[in-house]
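Subject: Structure handover

Hello,

Here is the structure for you to look over. My notes on what turned up follow below it.

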Amino acid sequence: MTTQANHRAFGLTIAALILIADQISKYVMMVPLALKEKGQINLIPFFDLTWAENRGISMGMLQADSDTGRWLLVAMTGALALGVLFWMWKEKARGDVLGFAFVLGGALGNIIDRVRFGYVVDFLDLHFGTFRPFFIFNVADAAITIGVLILLARALLIGDKAKETENSDA
(Lines give C-alpha, C1' and ligand atoms only; values in the text may rest on other atoms or scores of the structure.)
Protein backbone atom coordinates (compact mmCIF):
# COMPACT_ATOMS: atom_id res chain seq x y z
CA MET A 1 0.00 0.00 0.00
CA THR A 2 1.37 3.43 -0.89
CA THR A 3 2.05 6.10 1.67
CA GLN A 4 -0.79 8.24 0.32
CA ALA A 5 -3.19 5.28 0.56
CA ASN A 6 -2.05 4.77 4.18
CA HIS A 7 -2.75 8.44 4.87
CA ARG A 8 -6.22 8.10 3.30
CA ALA A 9 -7.05 5.08 5.45
CA PHE A 10 -5.72 6.92 8.51
CA GLY A 11 -7.84 9.99 7.70
CA LEU A 12 -11.00 8.00 7.07
CA THR A 13 -10.48 6.05 10.31
CA ILE A 14 -10.02 9.24 12.35
CA ALA A 15 -13.08 10.84 10.72
CA ALA A 16 -15.17 7.73 11.47
CA LEU A 17 -14.00 7.65 15.11
CA ILE A 18 -14.91 11.32 15.57
CA LEU A 19 -18.31 10.75 13.96
CA ILE A 20 -18.97 7.77 16.25
CA ALA A 21 -17.83 9.64 19.38
CA ASP A 22 -20.04 12.58 18.45
CA GLN A 23 -23.14 10.48 17.85
CA ILE A 24 -22.62 8.39 21.01
CA SER A 25 -22.19 11.54 23.12
CA LYS A 26 -25.41 13.02 21.69
CA TYR A 27 -27.27 9.77 22.32
CA VAL A 28 -26.10 9.78 25.95
CA MET A 29 -27.30 13.38 26.36
CA MET A 30 -30.68 12.66 24.78
CA VAL A 31 -31.60 9.23 26.15
CA PRO A 32 -29.86 8.12 29.38
CA LEU A 33 -29.35 11.66 30.72
CA ALA A 34 -32.60 13.09 29.23
CA LEU A 35 -30.89 16.46 28.98
CA LYS A 36 -33.60 17.90 26.73
CA GLU A 37 -36.17 17.47 29.49
CA LYS A 38 -33.83 18.61 32.29
CA GLY A 39 -32.42 21.58 30.39
CA GLN A 40 -29.17 21.64 32.32
CA ILE A 41 -26.99 19.45 34.50
CA ASN A 42 -24.45 21.30 36.65
CA LEU A 43 -21.18 19.37 36.79
CA ILE A 44 -18.47 21.68 38.11
CA PRO A 45 -18.39 25.45 38.72
CA PHE A 46 -17.16 26.23 35.19
CA PHE A 47 -18.69 23.43 33.10
CA ASP A 48 -22.29 22.30 32.65
CA LEU A 49 -24.26 20.12 30.30
CA THR A 50 -26.85 22.47 28.80
CA TRP A 51 -29.37 21.49 26.12
CA ALA A 52 -29.26 23.68 23.01
CA GLU A 53 -30.77 23.20 19.56
CA ASN A 54 -28.64 24.96 16.97
CA ARG A 55 -30.67 25.57 13.82
CA GLY A 56 -27.90 27.59 12.22
CA ILE A 57 -24.23 27.08 11.58
CA SER A 58 -21.27 28.18 13.71
CA MET A 59 -22.17 30.71 16.38
CA GLY A 60 -25.84 30.55 15.38
CA MET A 61 -25.33 32.23 12.01
CA LEU A 62 -27.60 31.40 9.04
CA GLN A 63 -30.57 30.29 11.13
CA ALA A 64 -32.74 27.74 9.30
CA ASP A 65 -36.22 28.28 10.70
CA SER A 66 -38.01 26.52 7.85
CA ASP A 67 -37.73 23.12 6.18
CA THR A 68 -36.33 24.82 3.08
CA GLY A 69 -33.62 26.51 5.14
CA ARG A 70 -32.86 23.26 6.94
CA TRP A 71 -32.35 21.32 3.70
CA LEU A 72 -30.35 24.16 2.16
CA LEU A 73 -28.01 23.99 5.18
CA VAL A 74 -27.81 20.20 4.80
CA ALA A 75 -26.91 20.65 1.11
CA MET A 76 -24.39 23.41 1.83
CA THR A 77 -22.66 21.58 4.68
CA GLY A 78 -22.78 18.33 2.68
CA ALA A 79 -21.03 20.05 -0.22
CA LEU A 80 -18.41 21.44 2.18
CA ALA A 81 -17.89 17.95 3.65
CA LEU A 82 -17.39 16.55 0.14
CA GLY A 83 -14.88 19.32 -0.53
CA VAL A 84 -12.99 18.45 2.66
CA LEU A 85 -13.03 14.75 1.71
CA PHE A 86 -11.67 15.60 -1.76
CA TRP A 87 -8.93 17.78 -0.27
CA MET A 88 -8.06 15.10 2.29
CA TRP A 89 -7.94 12.47 -0.47
CA LYS A 90 -5.41 14.48 -2.47
CA GLU A 91 -3.28 15.46 0.54
CA LYS A 92 0.11 13.81 0.96
CA ALA A 93 1.14 15.19 4.36
CA ARG A 94 -0.15 13.04 7.22
CA GLY A 95 -0.52 16.05 9.54
CA ASP A 96 -2.81 17.81 7.08
CA VAL A 97 -4.80 14.61 6.57
CA LEU A 98 -5.32 14.57 10.35
CA GLY A 99 -6.68 18.13 10.30
CA PHE A 100 -9.03 17.37 7.40
CA ALA A 101 -10.18 14.16 9.14
CA PHE A 102 -11.18 16.09 12.27
CA VAL A 103 -13.14 18.59 10.16
CA LEU A 104 -14.79 15.83 8.10
CA GLY A 105 -15.81 13.72 11.10
CA GLY A 106 -17.27 16.74 12.88
CA ALA A 107 -19.10 17.99 9.81
CA LEU A 108 -20.68 14.58 9.22
CA GLY A 109 -21.82 14.38 12.86
CA ASN A 110 -23.60 17.72 12.61
CA ILE A 111 -25.09 16.89 9.20
CA ILE A 112 -26.61 13.71 10.65
CA ASP A 113 -28.24 15.75 13.42
CA ARG A 114 -29.67 18.27 11.00
CA VAL A 115 -31.12 15.50 8.83
CA ARG A 116 -32.56 13.55 11.80
CA PHE A 117 -33.80 16.37 14.01
CA GLY A 118 -33.78 19.58 11.98
CA TYR A 119 -31.16 21.06 14.32
CA VAL A 120 -27.73 20.24 15.73
CA VAL A 121 -27.65 18.96 19.31
CA ASP A 122 -25.29 21.07 21.44
CA PHE A 123 -24.64 20.47 25.13
CA LEU A 124 -21.09 21.34 26.26
CA ASP A 125 -21.25 24.59 28.21
CA LEU A 126 -17.92 26.04 29.37
CA HIS A 127 -18.26 29.21 31.45
CA PHE A 128 -16.57 31.23 34.16
CA GLY A 129 -19.35 32.63 36.33
CA THR A 130 -21.62 34.44 33.90
CA PHE A 131 -18.80 34.87 31.35
CA ARG A 132 -19.22 32.40 28.50
CA PRO A 133 -16.21 32.56 26.16
CA PHE A 134 -17.77 29.94 23.87
CA PHE A 135 -21.23 29.16 22.61
CA ILE A 136 -22.66 25.85 23.79
CA PHE A 137 -21.05 23.22 21.56
CA ASN A 138 -20.69 19.47 20.97
CA VAL A 139 -17.99 16.91 20.15
CA ALA A 140 -18.37 17.57 16.40
CA ASP A 141 -17.90 21.33 16.87
CA ALA A 142 -14.80 20.73 18.99
CA ALA A 143 -13.38 18.38 16.34
CA ILE A 144 -13.98 20.90 13.56
CA THR A 145 -12.26 23.62 15.58
CA ILE A 146 -9.30 21.37 16.41
CA GLY A 147 -9.01 20.31 12.76
CA VAL A 148 -8.99 23.90 11.53
CA LEU A 149 -6.39 24.83 14.17
CA ILE A 150 -4.19 21.91 13.07
CA LEU A 151 -4.41 23.02 9.45
CA LEU A 152 -3.73 26.67 10.31
CA ALA A 153 -0.81 25.82 12.58
CA ARG A 154 0.75 23.58 9.96
CA ALA A 155 0.27 26.19 7.24
CA LEU A 156 1.64 29.05 9.32
CA LEU A 157 4.35 27.32 11.35
CA ILE A 158 5.58 24.47 9.21
CA GLY A 159 5.22 25.88 5.71
CA ASP A 160 5.81 24.24 2.35
CA LYS A 161 9.49 23.34 2.84
CA ALA A 162 8.79 21.18 5.87
CA LYS A 163 5.86 19.59 4.04
CA GLU A 164 8.11 18.69 1.11
CA THR A 165 10.58 17.07 3.51
CA GLU A 166 7.74 15.26 5.30
CA ASN A 167 6.35 14.00 1.99
CA SER A 168 9.73 12.70 0.78
CA ASP A 169 10.44 10.95 4.11
CA ALA A 170 7.05 9.21 4.24
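First, a term: two strands pair if DSSP finds at least two bridges between them. Keep in mind that this is a predicted model.

**The sheet**

With that term in hand, take Glu53: its bridge partner in β3 is Val121. Phe47 stands opposite Leu126 in β3. In total, 6 bridges join β2 (residues 47-54) to β3, and the two strands run antiparallel.

The sheet is open and has 3 strands. Their order is β1-β2-β3, and the pairing is antiparallel. Which strands stand at the edges? They are β1 (40-44) and β3. Each has a single partner strand, so one side of each is left without a neighbour in the sheet. Neighbouring strands are turned by 30° against each other on average, direction ignored.

Of the 7 residues in β3 (residues 120-126), 6 are buried, so the strand is largely enclosed by the rest of the structure.

Helices cover the sheet as follows. α1 packs on it and touches β2 and β3. The direction of α1 makes about 85° with that of β3. α4 also lies across β2 and β3, running at about 125° to β3.

**The helices**

Helix α1 (residues 3-30) packs with helix α3 (residues 67-90). The angle is about 145°, and the axes are 8 Å apart. On the α1 side the contact has Gln4, Arg8, Gly11 and Leu12. On the α3 side it has Leu85, Met88, Trp89 and Lys90. These residues divide into 4 nonpolar, 2 polar and 2 charged.

α3 has 24 residues. From its first C-alpha to its last, α3 reaches 35 Å, close to the 34 Å expected at 1.5 Å a residue. Which residues of α3 are buried? They are Gly69, Arg70, Leu73, Val74, Thr77, Ala81, Val84 and Met88. Their cover includes α1 and α4.

Two backbone angles are worth a look. Gly118 follows α4, and its phi is positive, near 90°. Ala34 has a positive phi too, near 50°, in a residue other than glycine. Ala34 is found in the loop between α1 and α2.

**The salt bridges**

How many salt bridges does the structure hold? There are 7. Here are some of them.

- Glu53 with Lys36: the closest N and O atoms are 3.5 Å apart. Glu53 lies in strand β2 and Lys36 in helix α2 (residues 35-38), so the pair ties together parts that are 17 residues apart in sequence. Glu53 is partly exposed, with a relative accessible area of 31%. Lys36 is partly exposed as well, at 43%.
- Arg154 with Asp96: the closest N and O atoms are 2.7 Å apart. Arg154 and Asp96 are both buried.
- Arg132 with Asp125: the N to O distance is 3.0 Å. Asp125 counts as buried, at 2%.
- Asp22, Lys26 and Asp113: salt bridges that share partners join these residues into one network.

Back to Glu53, which links two of the topics above. Its bridge partner in β3 is Val121, and its side chain forms a salt bridge with Lys36.

Best regards

Key. Residues are numbered from 1 along each chain as its sequence is written. This is a predicted model: local features need pLDDT of at least 70, side-chain atom pairs count only at pLDDT 80 or more; totals for chains, interfaces and linings use all residues. Side-chain values use heavy atoms; hydrogens and water are left out. Buried means under 20% relative accessible area, exposed over 50%, partly exposed in between (1.4 Å probe, protein chains only). Helices (H or I, at least four residues) and strands (E, at least two) are DSSP runs, numbered from the N terminus. A salt bridge is a side-chain nitrogen of Lys or Arg within 4 Å of a carboxyl oxygen of Asp or Glu. Axes are lines fitted to C-alpha atoms, for helices over the stretch in contact, and angles run from 0 to 180 degrees between N-to-C directions. Contact means heavy atoms within 4.5 Å. Ala, Val, Leu, Ile, Met, Phe, Trp, Tyr, Cys and Pro count as nonpolar, Asp, Glu, Lys and Arg as charged, and the others, Gly among them, as polar. The expected span of a helix is 1.5 Å times one less than its number of residues.
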